[in-house]
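Work through the following exercises with the structure in view, and try each task before you read its solution.

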Amino acid sequence: MMETTTSPMARIRGHISTMPWRVRVCAGFLILLVLAALVTLVISPHDPNATNLSNRLEAPGAEHWFGTDALGRDVFSRVLAGTRVALMIALVAGGFGAVIGVSLALLSGYFGGRTDSIIMGWVEAQTSLPFIVLAITVASILGPNLRNLIIALVVTGWVFYARVVRAEVMSVSTREYIAAAKVGGQRHGSIMLREVMPNVAGAVAVITTQEVPRLILTAAALSFLGLGVQPPTADWGNMIAEGKSYVVVAWWLTVVPGLFIVAFAVAFSTIGDWLRDLFDPQSDAV
């Protein structure tokens, strides 16, 4: 009996109804976080940058749900403002990194030969350096601000897409329908976009859910070191840096943004594991 193949997107649609509870919780958390961050652009309980020294280091309570910092700023409002920064980093840095990495992976895996040697030589050279060290170096050279932080993350992050997607492209490029398209006179660009790209979209989706947590953690680390988002702009990393001197008397200054970083990373990683199972044709239904 002939086996039927199912496209990656069809596999997702077929498994949405049986999505594990942990994935539903993580997806719900991310959706709620995004909505809260967007809503507070219009309606915010407090200005995240408004100082009030009479309320400094106030413990979490009814008026200030997550307490206040050393300048009397509302931590809840600042965490949500930091969420918007994190989402911007994930969208912009992750998006540009994916476009660059996938584009080079398509060229490398499809054409092979010298093109593959040049691109993969560049990838191997860059991956020989620790990711965080390279990010710190780039951020130090460019200077500390949000724009340069995003540039540093793009420069250091595209290689993960290129290395993994290139292997998928090489596998797809050997299939019969690709050869038939070449014989039929279809242009290389058209083949890559119409025939190859849809078949590696699953790998790109999985890498993205794994790459976003790394971007967020790296961005927080650079901001903590003073190489990322600069005060008074709220960012999870610089919030932890500002609160480290008050850990004993005001634990919420470091614990709250730290928990958001962990929850954000775990949520994306959990969804990524689920997607990886769906896109793997050998995997059982989750």
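**Exercise 1. Find which residues make the nonpolar surface patch of about 590 Å², and decide whether Val34 is buried, partly exposed or exposed.**

Solution. Begin with the members of the patch, which in this predicted model are Val34, Leu38, Val39, Leu41, Val42 and Ile43. Then take its relative accessibility, which is 31%. Because buried means under 20% and exposed means over 50%, Val34 counts as partly exposed with this value.

**Exercise 2. Describe the overall build of the protein: how many helices and strands does it have, and what are its extent and its surface?**

Solution. First count the elements, which gives ten helices and zero strands, so that, with elements taken as DSSP runs, the pattern read along the sequence is α-α-α-α-α-α-α-α-α-α. Then turn to the extent of the C-alpha trace, which spans about 75 × 45 × 30 Å along its principal axes. Of the 286 residues, 45% count as buried, while the protein exposes about 14800 Å², with carbon and sulfur atoms supplying 66% of that area. Finally, consider the contacts between residues at least 6 apart in sequence, among which 71% join residues at least 24 apart.

**Exercise 3. Identify which members of the largest nonpolar core touch the most other members, and which elements give two or more residues to this core.**

Solution. The core holds 30 residues, and those that touch the most other members are Val75, Val79, Ile216, Trp236 and Phe264. The elements that give two or more residues to this core are helix H2 (21-39), helix H3 (75-111), helix H8 (188-224), helix H9 (236-243) and helix H10 (252-279). The largest share, 13 residues, comes from H10. To see one of these members in its setting, set aside the neighbours of Trp236 within four places in sequence; the residues in contact with Trp236 are then Val79, Gly82, Thr83, Ala86, Ile216, Pro257, Phe260, Ile261 and Phe264.

**Exercise 4. Determine whether Thr218 is buried or exposed, and which backbone oxygen its side chain reaches.**

Solution. Start by locating Thr218, which lies in helix H8. Its relative accessible area is 5%, and therefore Thr218 is buried, since the cut-off for that class is under 20%. Now follow the side chain of Thr218, which reaches the backbone oxygen of Arg214 at 2.7 Å.

Conventions: Residues are numbered from 1 along each chain as its sequence is written. This is a predicted model: local features need pLDDT of at least 70, side-chain atom pairs count only at pLDDT 80 or more; totals for chains, interfaces and linings use all residues. Side-chain values use heavy atoms; hydrogens and water are left out. A nonpolar core is a set of buried Ala, Val, Leu, Ile, Met, Phe, Trp, Tyr and Cys residues joined through side-chain atoms within 4.5 Å. Buried means under 20% relative accessible area, exposed over 50%, partly exposed in between (1.4 Å probe, protein chains only). Helices (H or I, at least four residues) and strands (E, at least two) are DSSP runs, numbered from the N terminus. Contact means heavy atoms within 4.5 Å. Patches are made of residues with over 30% relative accessible area and no salt bridge: like charges are joined within 9 Å, nonpolar side chains (Val, Leu, Ile, Met, Phe, Trp, Tyr) within 5 Å. Accessible areas come from the Shrake-Rupley method with a 1.4 Å probe; for residues, only the protein chains shown count as cover. A salt bridge is a side-chain nitrogen of Lys or Arg within 4 Å of a carboxyl oxygen of Asp or Glu. A polar contact is a pair of N or O atoms within 3.5 Å; within protein, one must be able to donate a hydrogen and the other to accept it, and residues adjacent in sequence count only if both atoms are side-chain atoms.
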